[in-house]
Amino acid sequence: MDPTPSRRERWGRLPNRARRALSGSGPPTAPIGLRAQASGVDDLSAHAALALALRIGEALLAVGASAADVTATVLRVAAAYRLRSCQVDITHTSLTISFDRDGALPMTLMRIVRPRGLDYSRLQGVTDLARAVVAERLPVEEAHRRLDRVVTSPNPYHRRVHALGWAGVAGFVAVQLGGDWLAALTAALTTATIEQVIRTLNRRGLPMFFQQAAGAAVATTVAVLLLAWDVDVRSSLVVAAGIVVLLAGLSLVGAAEDAIDGFPVTAGARAFEVVTLTAGIVVGIAGVLDLARRGGLPLTVADPATAGVPFAVTLVAAAGIAGSWALASYARVRAIGLATVAGALSWTAYWVAGAVGAGPAVASATAAVVVGFCSASLTDRLQIPPLLVVVCGIVPLLPGLAIYRGLFALVVEADIPGGSAALVGALAIGLALAAGVSLGEHLGRPLGGRHDRFDRRVRRRAMSGDRD
């Protein structure tokens, strides 16, 4: 019998061959619905480790860390104690972790997060502790005691030093915008007053919306009084400096980063918080401007004179803004030095981009990419939280004067098209800063030694469509 297959047999095998050629060897999507693995950790040890991971995550989220960084850190700490089947959920005001075990009921813990604003001293302390837990395999109780010391430690600086930091931010902003020494001094004293007013209102439990409105009203009132007393000071710089101080603490960068990393719930909450608190600034400025207009005061907005200010002066001012902001946010001495360098670097990148013809938004995005890249690639080696470098680096680029110009056009001059255009331009700069920082961090993260399997697991949700 002829062993050579006939033509009919060869043609009959084609569908099977085609099917084998087209068929894949794995599941059609990423692994989902995996079964929990057996755990060799007893209940008491698992509970203590989960509580530690949850406390660390709560502390990080409270001082402004991104949802992706918090989630990765919590998973990393839990895995250090052999708890690998964990799920983490963040909703901006709460943090939940669940440990799924085969053959036993899941263990779930939840904590309410009360944001307290940027506190770089505690942020660095918690970050260092999380790194020590993973590297040194600290006993759970020892890690709890260390965390207790970090979260209950007093502020590293006296309240007067803290107020000096805010005053320095405003003074350097006035210099950066072309003001003289009198404008810088006035802006610094005004911002020190704003800080005291906000501190008093915060002790009385007044919501942040009204604190922002009161701070903006104080800055605008000082500008009106300067005009009424005929003081030779560019009053618009005083208001712009106050707005920069009020805006810098908002979580616009965090909202954009959470959205890009696939945490829409947290991003939406932070974005709504930014809108609400910015509305408080608008109410405070608009109210005082309207009263001044009714009083017949010839309020004006002076255009910034940065084009006539030497680059060296603006560079020193930008570095001073970043360093003063780090001081006001309780950063340690070495971190203040790094923040100062970040401010100078961001302003240099902004100036270079503008020199080659880029607009304000594009130049701001370029500078933010540079800062974000450096923060992700270098800060882990320098033992400095990336958030510190990011926020301090973009503070000199915040559009405080543009916001004031837009509000002035709307309230005083009734120029709705011009005022709307100015506010939209300021919003474009803010979004460009946020997007640039996020892009820079994603580009620099593989070089920083922080891109471990927990980071990959968390960041993957931005591409897979997972949600928090």
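## A walk through the chain

The chain has an accessible surface of about 22100 Å², and carbon and sulfur atoms account for 63% of that area (areas come from the Shrake-Rupley method with a 1.4 Å probe; for residues, only the protein chains shown count as cover). You are looking at a predicted model, in which local features need pLDDT of at least 70, side-chain atom pairs count only at pLDDT 80 or more, and totals for chains, interfaces and linings use all residues. Residues are numbered from 1 along each chain as its sequence is written, and side-chain values use heavy atoms, leaving out hydrogens and water.

**Whole chain.** Start with a cartoon view: the chain has 19 helices and three strands (DSSP runs numbered from the N terminus, helices being H or I of at least four residues and strands E of at least two). Of its 468 residues, 49% are buried (buried means under 20% relative accessible area, exposed over 50%, partly exposed in between, with a 1.4 Å probe and protein chains only).

**The core.** Next, select Ile56, Tyr81, Leu83, Ile97, Ile285 and Leu388, which touch the most other members of the largest nonpolar core, a set of 112 residues (buried Ala, Val, Leu, Ile, Met, Phe, Trp, Tyr and Cys joined through side-chain atoms within 4.5 Å). Helix H2, residues 43-62, gives the most to this core, with 13 residues. Now zoom in on Ile56: leaving out residues up to four places away in sequence, Ile56 touches Thr73, Val77, Val126, Leu129, Ala130 and Leu147 (contact means heavy atoms within 4.5 Å).

Cys86, Val88 and Ile90 form the covered face of S1, while Gln87 and Asp89 form the uncovered one. Asp89 has Thr96 of S2 as its bridge partner. Three residues lie between the strands, and His92 takes a positive phi near 70 degrees in this hairpin.

**Ala361.** Move on to helix H14, residues 360-382, where you will find Ala361. Ala361 is partly exposed, at 27% relative accessibility. Beyond neighbours within four places in sequence, Ala361 is in contact with Ala428, Ile429 and Ala432.

**Last stop.** Finish at helix H7, residues 181-203, which holds Trp181. Trp181 is exposed, with 66% relative accessible area.

Definitions and conventions
Two strands pair if DSSP finds at least two bridges between them.
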